Structures are given as structure tokens and as C-alpha cells.
Amino acid sequence: MLVLPLLLASAPPMAPKAPNYQQHHRAFQFVPYGQSAPTCGADDNSDKKVLTTISCDGRIEGTTLELTHWNGNETPNELYDDTSTEIALNFARKLLGGGYDNASSKSSDDDDIDIDNALILNNHFDTDGVLSVWTCLNPSEALEKAEILVAGAEAGDFGEWSTDLGVKLDCALCEVEAGCDSEEEAYNVALDLLPLLLDDLETNNGANHEELWKRGWDDAMAGWNSIADGRVKIEQASAGLVHVALVKEGAGAPASLSPYALHRGLKEAGLGGDQPNAVDRVLHCRAVDGKDGRYRYEYNKPGYGWVSRLVKRKPVASVDNDMLIRELNAGKGGSWSSGGGLTGICRTSAPGDIGPSELLEKLEFLESEGAR
């Protein structure tokens, strides 16, 4: 991929990349997924000392303080929020507002905790992870850019179209990762690039980095245009125990609807996660060309539905995926298999002859039975 090298070539010369990204008193270290946090470092006299570590977004065994929304997290309640970037921003406010209370950490010895010189960790590359790491490294600068950082994190982890700039930020960082050979390299590039990228987005709508965000943005706009012109229709389809949005994808609709566009469509319909009629499920329905009465379906949670602990959004009802697939395959309606990603529940692997209304009734019955 040539886009990233060309952009970086036009920037001022950079020092050779080191494994840790130094900023102020803190540094960043990428920890491969499944590995534990480092426990010791060296001071100026080369004597070993216990390291204070902060894990941003990803959960890492042995870390001093967690700033993550991942399920099972031990993030302090006073810092918790829906995205890890918002959690990091809450942490930054605490730091700059008089210091952070060490009692909220997981360390058994508060005297060993050195938040000001903590080593920042993450174990995977994604937008929420990068932005939460950058916030911990640059708390003052991050608070000045809180709005775009939060919008970018929501776009990245939940597929939400909170703002245009947030979508572009997520698209750009996804393109950064695509242009690197490893997640660690992607972090080095992204953390170097972020100050310029954020300033460009806020002052110039991202014109100087269009090569990074354009592909994802064009896909988002194609999806939104298909909703705006009626090729894709979104409606509330159920008000039982489980609230469902039916997404009818007609002729000429994109082969795969952008998650950003879906979120914008749900918000326009009053079905977003922070709205009174927030839905628990999204049922995608696409008629099969040339075959009357046959459909392909995808049944998913909304983009934030994988997070069990939520502050601003309505928690999503749990679901027994295996039971649904088993019961759907027992009747008419095609062949069903497991859905993909963090929010997929199930989908047809072959077209079925069950119509949307009948399927919705069946799903509502099955989910009601599963909730008992």
C-alpha cells in the first residue's frame, strides 16, 4: 500500500521507531495478546523496581490499573464509561483535577504505585485502543479534543456515526493498520500521526489525509444514500420482550450495509442505543433476486451490544445463540448458522422461504422462551 508511506514522507523526518512510545513521564508498550504485563523496570541506577502499568482498552493480566470497557473488566466505577476512550478521558480529568486516588488500583501496596510514570499498555490495535492510549499519554491535549476522540471511538468499537469527523477518524486509523505489517508497527505509526490527523480533521475536514479516510467514508456515504433514497428501509418491527429493528435491503442496495450508515438510520428512526425506543436486535432481510418469496437474513445485536456494562446506552438483552440456531433449523426458513463478529447472532447460509413477518413472530417466541 502506497498511501501511508507517501503521507509520512511529506512529514518532517522522524527518529527511528523504538518499541516504546515516549511522551511526558509515561511510555507506551504493545503487549501481544495473551501475554502478561511487565512487572519490573530500571531506574537511573539500574536497580529494579515495580512498574506501575495501565492497560487501555484490552485486558492484560497483571496490570496495575484497568481502563477498559471489555467484559469482565475491573475498571473503577468512578472512571467507567461506554468506550475505553471515554474512560481514559475520565482518568485524564481526575489526573489534571488534583491527582488520581491510588486506592482504586489493583495493587496491594499503594506505595509502589507511580501513576505519573506509569507504563501504558494495550494488546490489540483498533481505534478505541489507539485513542485511549493516546489520551493517557497526552491527557491535556486529549481533553481539548474530547469530542472528536469520543466520536472516533464510538465509530470504531460500535460502528456509530456520531459525527462525520468521528467516522473519518476511524476510517483513517483502519487504513493505517492495513498499511502496516504488525499491530505494534501500526501503533508506532498511529501515535506519531494522530496529532497531525486530529488537527487536520478539526481545522480542514481532513483534506490533507483524505487518502487515509476516503475509502471507508465513501462506503459509509453509499450506505447512507441507500437509506435516504429508500433502497434500504428501517422500521421498528417488534415491541415484545425483545425490541427488533427490521432492515429491508431492496434492489440496488449495497451488498453489505456500512455499520456507520446503519447506526445513522437507526438514530433517524429513533431506535439508537441512547434513545427511548432503543432496539436489542437488528434483523437484516434481503430478497433473493429471481426467486419469489425467498430471503437471506442476518440477525444481530446493535453495534454496542457486545458490551455488558453500559452507562449511556440501553443494555442489550442476552440471547442463547445455539438455541436459536437449533430451533430455526428445525423448521422452514432455510439453513441457519452462527453470526460473525462480536454482535452477530445467526444468519442464513442458504436462502429460505419464510417471510419477514413470520420470521419475526418466530424469533420473538423463541427469545421469549429463552428468557424464561
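## Close-up views of a predicted model

**Figure 1. Aromatic pairs across the chain.** The structure holds nine aromatic pairs, and please keep in mind that this is a predicted model. One of the pairs joins Tyr 33 and Trp 70, whose rings sit 6.4 Å apart centre to centre with 45 degrees between their planes, a tilted arrangement. This pair links distant parts of the chain: Tyr 33 belongs to the loop between E2 and strand E3 (40-42), Trp 70 to the loop between E6 and H2, and the two are 37 residues apart. Tyr 33 is exposed, with a relative accessible area of 62%.

**Figure 2. Two tryptophans, Trp 161 and Trp 217.** The ring centres of Trp 161 and Trp 217 are 5.4 Å apart and the planes meet at 65 degrees, so this pair counts as edge-to-face. Trp 161 is found in the loop between H5 and helix H6 (164-178), and Trp 217 in helix H8 (residues 210-228), so the pair ties together parts that are 56 residues apart in sequence. Are these two residues buried or exposed? Trp 161 is buried at a relative accessible area of 7%, and Trp 217 is buried at 13%.

**Figure 3. An aromatic cluster.** Four residues come together here: Phe 28, Phe 30, Phe 125 and Tyr 187 form one aromatic cluster.

**Figure 4. The largest nonpolar core.** Which members of this 76-residue core touch the most other members? They are Ile 54, Phe 91 and Leu 169. Helix H7 (residues 183-204) supplies the largest share of the core, ten residues. A second, separate core has 20 residues, including Val 319, Leu 324, Ile 325 and Leu 366. For background, nonpolar side chains tend to be buried together in soluble globular proteins.

**Figure 5. Around Leu 169.** Here we zoom in on one residue of the largest core. Setting aside neighbours within four places in sequence, Leu 169 is in contact with Leu 131, Ile 148, Gly 152, Leu 194, Leu 197, Leu 198 and Leu 201.

**Figure 6. Helix H2 and its cover.** H2 has 13 residues and spans 18 Å from its first C-alpha to its last, close to the 18 Å expected at 1.5 Å a residue. Ten of those 13 residues are buried, so H2 is largely enclosed by the rest of the structure. Among the buried residues are Ser 84, Thr 85, Glu 86, Asn 90 and Phe 91. The cover over the buried residues of H2 includes strand E2 (26-30), strand E5 (53-56), E6, helix H3 (127-137), helix H4 (139-144) and helix H5 (146-158). After H2 comes Gly 98, with a positive phi near 130 degrees.

**Figure 7. Asp 81 and its partner Lys 312.** Asp 81 lies in the loop between strand E6 (65-67) and helix H2 (84-96). Asp 81 is buried, with a relative accessible area of 9%, because the cut-off for that label is under 20%. A polar contact of 2.5 Å joins its side chain to that of Lys 312. Leaving aside neighbours within four places in sequence, Asp 81 is in contact with His 69, Glu 86, Ile 87, Asn 90, Val 311 and Lys 312.

**Figure 8. The whole protein, for orientation.** Stepping back, the protein has eleven helices and 13 strands. Buried residues make up 50% of its 372 residues. Among contacts between residues at least 6 apart in sequence, 63% join residues at least 24 apart. The protein exposes about 16900 Å², with carbon and sulfur atoms supplying 47% of it.

Methods
Residues numbered from 1 in each chain as written. Predicted model: local features only at pLDDT ≥ 70, side-chain atom pairs only at ≥ 80, totals over all residues. Heavy atoms only, no water. Core = buried A, V, L, I, M, F, W, Y, C linked by side-chain atoms within 4.5 Å. Buried < 20%, exposed > 50% of the residue type's maximum accessible area, 1.4 Å probe, protein only. Helix = DSSP H or I, 4+ residues; strand = E, 2+ residues; numbered from the N terminus. Contact = heavy atoms within 4.5 Å. Polar contact = N/O pair within 3.5 Å; in protein donor to acceptor, adjacent residues only side chain to side chain. Areas by Shrake-Rupley, 256 points an atom, 1.4 Å probe, with all protein chains shown as cover. Expected span 1.5 Å × (residues − 1). Phe/Tyr/Trp six-rings, centres within 6.5 Å; stacked < 30°, edge-to-face > 60°.
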